Amino acid sequence: MLIGYKKRLSSMPPPTILYYLPMAPSISLFKSRDVAVIGAGAAGLVAARELRREGHKVVVFERERQVGGTWVYTPTVETDPLGSDPSRHIVHSSLYASLRTNLPREVMGFLDYPFVSTGEPHRDPRRFPGHREVSLYLKDFAVGFGLSELIRFETEVVYAGLVEDDKWRVKSRSGNDAAIDVEEIFDAVVVCNGHYTEPRLAEIPGIDAWPGKHMHSHNYRIPEPFRDQVVVLIGGAASAVDISMDIAQVAKAVHIASRSVEAGILEKLSGNAVDNMWLHPMIESVQKDGTVIFYDGSVVLADVILHCTGYKYHFPFLDTSGIVTVDDNRVGPLYKHIFPPHLAPGLSFVGLLWKVLPFPMFEFQSKWIAGALSGRIGLPSQEEMMADVSAFYLSLEASDTPKHYTHNLADSQFEYDDWLALECGIPGVEEWRKKMYQATAKNRKARPDKYRDEWEDEDLMLEAQKDFARCRPNGAGDN
Ligand code: FAD
């Protein structure tokens with residue numbers, strides 16, 4: 001799906017890599033920039049580390065009071081269960097209480113800071129740990145690399161816009177007091193604000209008159225409120241699978257409406273795992289009497305409709321004078337999903353891609369951004385970058401890929417990571433990691449309800465452990 005990598009490798013001049021310095025050089029040939037990073041989730045943390053390693057001066061703005069972003073679970077939900085009221089108080093994380101990672105920890109962690117079990121009694125040693133363990137890992141990462149000193153907690157960026165001389169004005173707000181808004185000028189802004197907070201909803205004919213409750217999975221936490229209820233869940237991706245199994249333990253029935261049942265996973269669940277789950281095509285309409293009609297003609301009297309329909313990219317603070325837009329969930333134009341060609345390298349985005357291995361990808365993206373900002377890594381001209389973006393969009397059109405799938409990398413992700421690594425002059429993704437990612441996907445498909453506790457890739461686990469042993473203890477200390 002991602003065209004342009006091989007083409008660029010063969011038809012464009014090689015990247016300008018002069019040398020790779022993992023640490024800030026004491027006497028540098030390259031420029032040190034003042035950089036604002038928005039968000040201290042996994043993306044913002046690794047971006048901050050890489051920017052500082054490159055010799056930049058970094059301020060990380062984080063509106064919450066701790067690092068971790070998505071991985072900071074909260075039982076609190078938003079006042080609007082659909083998450084569509086723009087004036088609602090935003091709850092950032094979409095995690096549910098039972099969530100365990102859908103990737104094994106070996107593949108999930110940063111490249112030079114393995115996500116290994118610490119062996120401490122309060123930690124979760126499982127290979128697919130619960131969400132708290134990921135949050136603690138990210139805290140360890142921040143402490144290990146001394147990142148906390150760069151972060152302004154409880155400080156929300158309310159405006160980031162271009163001013164003269166290619167500088168960026170960043171206005172931030174601490175607490176809820178508008179009187180302490182602070183305006184600062186930066187050379188660059190790296191946007192790491194996450195994209196699992198602003199719900200995307202399915203359109204359902206008749207929903208305004210439907211008497212039941214409807215909500216988005218962003219506001220799902222525990223199954224108990226669904227006890228003895230008939231629930232219609234819309235969606236077929238990872239969280240839909242998890243949440244349907246969670247709710248099925250207590251609900252009277254769970255009916256899953258899915259456009260494309262991902263790799264047969266839901267079929268298997270509704271066929272085998274529990275006896276109160278049914279699979280349907282999409283909802284055709286809902287009626288005043290509480291019924292839900294599916295496209296196959298089946299009808300269910302339901303209490304709740306739960307949208308597990310994904311999220312929208314949302315940058316309420318960003319002012320690019322229309323250069324970067326979000327159109328049907330396509331953020332663009334962006335060169336390699338990172339740089340708007342006309343604003344590069346001053347504006348960049350880390351972590352827009354989905355169906356990927358997020359943390360290592362954030363790391364490659366961050367290294368590239370840090371090197372491009374210092375001038376150590378050359379970017380193509382604006383025209384070349386725009387041509388690459390246009391060719392990419394044309395390839396999506398040619399393959400009938402909808403616009404809102406622009407940042408779904410899926411099968412091309414390792415090619416993408418390796419391309420970034422080449423630009424940065426560093427090794428790409430380890431072979432064991434690629435194979436383990438694929439083995440997990442296969443296992444998840446074969447046993448959706450058990451893949452987190454049963455697997456057959458012990459050989460790859462051994463390879464990973466050997467690789468980790470070669471890292472310094474957790475890589476930390478190397479700021
Ligand atoms: P986030 O973690 O969302 O962090 C963004 C940060 O930006 C937040 O701290 C937020 O407070 C801050 N912020 C936002 N706006 C502003 C502002 N204006 N000013 C200041 N700060 C701001 N990934 C995996 O690798 N494995 C998994 O098993 C996995 N499971 C997942 C399950 C669910 C339900 C979800 C939603 C995601 C899952 N992911 C998983 C993907 C996960 O999102 C990524 O792993 C990663 O946490 C994303 O990091 P991020 O830094 O891009 O965004």
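Predicted model: local features only at pLDDT ≥ 70, side-chain atom pairs only at ≥ 80, totals over all residues.

**First stop: isoleucine 234.** Select isoleucine 234: its relative accessible area is 2%, so it is buried (buried means under 20% relative accessible area, exposed over 50%, partly exposed in between, with a 1.4 Å probe and protein chains only). This residue belongs to strand 10, residues 230-234; strands (E, at least two residues) and helices (H or I, at least four) are DSSP runs numbered from the N terminus. Now show what isoleucine 234 touches: beyond its neighbours within four places in sequence, its contacts include Ala202, Ile204, Met282 and Cys308 (contact means heavy atoms within 4.5 Å).

Residues are numbered from 1 along each chain as its sequence is written, and side-chain values use heavy atoms, with hydrogens and water left out.

**Second stop: histidine 195.** Look in the loop between strand 7 (188-191) and strand 8 (198-199) to find histidine 195. Is histidine 195 buried or exposed? Its relative accessibility is 10%, so it counts as buried. A polar atom of its side chain lies 2.8 Å from the backbone oxygen of glycine 351. Not counting residues up to four places away in sequence, histidine 195 also touches Tyr311, Lys312 and Trp354, among others.

Select the ligand and the 32 residues around it; the closest are Glu62, Thr70, Trp71, His92 and Asn102 (a residue belongs here if one of its heavy atoms lies within 4 Å). Zoom in on glutamate 62, where a polar side-chain atom is 2.6 Å from a ligand oxygen. At threonine 70, a backbone N or O atom lies 2.8 Å from an oxygen atom of the ligand. Helix 2 (42-53), strand 4 (155-163) and helix 7 (358-374) each give at least two residues to this shell.

**Last stop: helix 10.** Select residues 431-446, the 16 residues of helix 10. At 1.5 Å a residue they should span 22 Å, and the end C-alpha atoms are 23 Å apart, which agrees (the expected span is 1.5 Å times one less than the number of residues). Colour its buried residues, including Trp432, Met436 and Tyr437. Which helices do the buried residues of helix 10 pack against? They pack against helix 3 (105-108), helix 7, helix 9 (413-424) and helix 11 (458-470).

Technical notes. Polar contact = N/O pair within 3.5 Å; in protein donor to acceptor, adjacent residues only side chain to side chain.
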